[in-house]
Amino acid sequence: MAEPIKLVRVPTLKTVADFRNHIASLGIDLPCEDAIVSGSASPLAQPCDGVTINGKKIGNRFAIQPMEGWDGTNTGGVSDDVIRRWQRFGESGAKLIYGGEAMAVRADGRANPNQLIINEENKSGLAKIRDTLSSAHCSRYGSTDDLVIGFQLTHSGRFCKPNDKFRMEPRVAYRHPILDAKFKVTSDQQVWTDAEIEQLIQNYVQAAKIAADVGADFVDIKHCHGYLLHEFLSAHTRPGKYGGSFENRTRILSEIISGIRANGNKIEIGVRLSAFDFVPFKPDAALSRPGKLGPGVPEDFSHCLPYRYAFSVNQGNPIEYDLTETFQFIEMCRQLGVKIVNLSAGSPYYNPHIQRPAIYPPSDGYQPPEDPLVGVAWQINVVRQIKQRVSSSSSDLQNKFGQRSSPSPMPVPIRSGVEERARERSSPSPPVEERVGERRPFSPIIVGTGYSYLQEYLPQVAQYVVRNGWTDIVGLGRMVLAYPEILADAVSKGTLATKSICRTFSDCTTAPRNGMISGCYPLDKYYSAKPEFQKLKEVKKAVGA
Ligand SMILES: Cc1cc2nc3c(=O)[nH]c(=O)nc-3n(C[C@H](O)[C@H](O)[C@H](O)COP(=O)(O)O)c2cc1C
Ligand code: SF4
């Protein structure tokens with residue numbers, strides 16, 4: 001029997017030269033600067049010139065990515081654990097809080113029974129977490145004039161568990177030949193009707209109003225990770241006005257934005273997108289043994305070619321991506337006045353090695369099929385391609401660092417009439433260019449993802465990609481649960497607190513998958529002290545993780 005691949009752990013790479021040699025041995029493109037740059041010379045300390053969000057220029061080049069909570073009240077309200085997490089987001093020094101955590105636009109759209117719900121009842125709690133974050137940031141960094149805070153709006157679709165942590169209640173865009181069995185979709189009754197979608201769009205519009213009322217600078221309309229609106233992007237086989245053509249598959253977003261504007265709500269809009277996807281992966285049975293699942297291999301897709309069941313996948317070979325529609329979708333976002341686009345990949349539920357590269361998978365997950373740095377490089381390089389496409393009109397970043405990024409222009413409007421329709425439906429709001437104001441032609445701010453696995457080398461890679469215009473902003477997920485101030489430390493001290501670095505143990509994913517709240521149990525004392533930590537250890541021991 002073949003052995004699973006032996007992985008090199010990042011902390012064993014003692015110098016930048018070691019890191020570069022390892023990257024070279026993997027045959028991937030992952031650039032890294034020679035050293036951490038501190039002070040005002042750091043690319044990460046520069047404000048984000050160009051587009052403003054709610055009149056504010058984002059004050060530096062790192063962001064906190066949204067991370068779903070499993071610790072709200074049973075009615076989706078804010079708890080002390082949620083408040084503490086948002087406080088730490090504020091203390092991180094990041095000037096962009098991209099969404100905070102996914103908030104369900106209606107109760108049945110929750111991914112867990114303790115996810116926040118953005119509704120009237122929970123308004124005061126939502127105001128409190130926003131204010132807590134803002135005050136924490138102000139008391140440590142002196143100003144919030146350049147701090148931008150968004151709320152992420154979601155419906156969990158295929159992954160809904162609104163009432164019981166262990167009971168799936170999926171609602172899907174279309175029947176899926178591989179995922180249906182995995183997520184207990186057994187009947188066409190679980191597919192949304194067009195009339196139900198119209199109601200759902202109103203839920204998003206109402207949620208955006210609440211976000212504006214409680215002082216969020218923008219709302220993210222979540223289109224990633226296999227959740228509902230991401231799934232609609234690949235609804236090729238769905239009949240009717242929300243399936244089939246590109247225009248139909250993206251109609252929900254344009255109708256949500258039109259609805260928000262028609263409601264007189266001027267809140268800014270962001271979109272988080274899985275920029276590419278693959279087929280679902282599963283543990284290799286031949287390499288699995290009791291207590292340890294094998295490395296990930298693709299599910300058999302031979303019976304469903306061309307593969308029309310994922311967005312931005314190569315339909316002929318769905319373990320490769322095809323960015324044609326990604327570019328088209330981002331151009332559409334631009335035309336709809338979306339000012340910020342946050343790029344991710346895949347899904348934590350069916351191909352986590354591309355979405356959340358980790359050396360230690362969650363207890364129910366397959367072992368990495370390759371060095372996790374390969375997944376990091378995929379995300380960084382896809383974002384680079386997208387940034388090049390959108391940056392034809394944004395020469396400011398390149399000028400700042402004296403670099404040229406050889407941008408290629410965005411294609412001319414793909415969907416004639418999109419902008420016109422959006423304008424018609426949103427009469428209270430001025431045309432896109434007037435709304436944007438600061439830049440003609442306007443191009444959205446790009447946020448990149450997947451940096452946590454870089455560990456010691458995160459600042460040096462982040463510096464490179466920002467300096468060279470591969471992304472506007474570097475977004476941090478898991479690292480922030482372990483070490484919120486990592487990039488603030490890099491910028492202010494030029495060094496990192498090595499003991500605080502996230503090692504991708506995946507406890508923050510294993511815990512909620514086993515009914516416990518999420519958090520960095522191994523490195524954050526607040527969670528190590530909780531009784532759940534002991535339970536988590538037992539769960540991991542039982543499965544040999
Ligand atoms: C515990 C946890 C919860 C997450 N919840 C969300 C979420 O609510 N919305 C979202 O868009 N991404 C979510 N993500 C994905 C992260 O935003 C991020 O894309 C991912 O962790 C990869 O970035 P990283 O390598 O910096 O961790 C979550 C990730 C983790 C670990
Ligand atoms: S539990 Fe902590 S160390 Fe492990 S992946 Fe999550 S944040 Fe990182």
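Glu485 and Arg140 form a salt bridge in which the closest N and O atoms are 3.3 Å apart. Glu485 lies in the loop between helix H16 (478–482) and helix H17 (486–493), while Arg140 belongs to helix H3 (residues 123–141), so this pair ties together parts that are 345 residues apart in sequence. Arg140 is partly exposed, and its relative accessible area is 44%. The model described here is predicted.

How many salt bridges does the count come to? The count comes to 33 salt bridges. The table lists some of these pairs, including the one described above.

| Salt bridge | N to O distance |
|---|---|
| Glu485 and Arg140 | 3.3 Å |
| Asp131 and Arg130 | 3.3 Å |
| Arg175 and Asp180 | 2.7 Å |

**Asp131 and Arg130**

The closest N and O atoms of Asp131 and Arg130 are 3.3 Å apart. Is Arg130 buried or exposed? Arg130 has a relative accessible area of 16%, which is under 20%, so Arg130 counts as buried.

**Arg175 and Asp180**

The side chains of Arg175 and Asp180 meet in a salt bridge, with 2.7 Å from N to O. Asp180 is buried, with a relative accessible area of 7%, whereas Arg175 is partly exposed at 32%. Which residues are joined with this pair into one network? Through salt bridges that share partners, Arg175 and Asp180 are joined with Arg158, Asp188 and Glu231.

Note on methods. Residues are numbered from 1 along each chain as its sequence is written. Chains are lettered from A and ligands numbered from 1 in the order in which they are written. This is a predicted model: local features need pLDDT of at least 70, side-chain atom pairs count only at pLDDT 80 or more; totals for chains, interfaces and linings use all residues. Side-chain values use heavy atoms; hydrogens and water are left out. A salt bridge is a side-chain nitrogen of Lys or Arg within 4 Å of a carboxyl oxygen of Asp or Glu. Buried means under 20% relative accessible area, exposed over 50%, partly exposed in between (1.4 Å probe, protein chains only). Helices (H or I, at least four residues) and strands (E, at least two) are DSSP runs, numbered from the N terminus.
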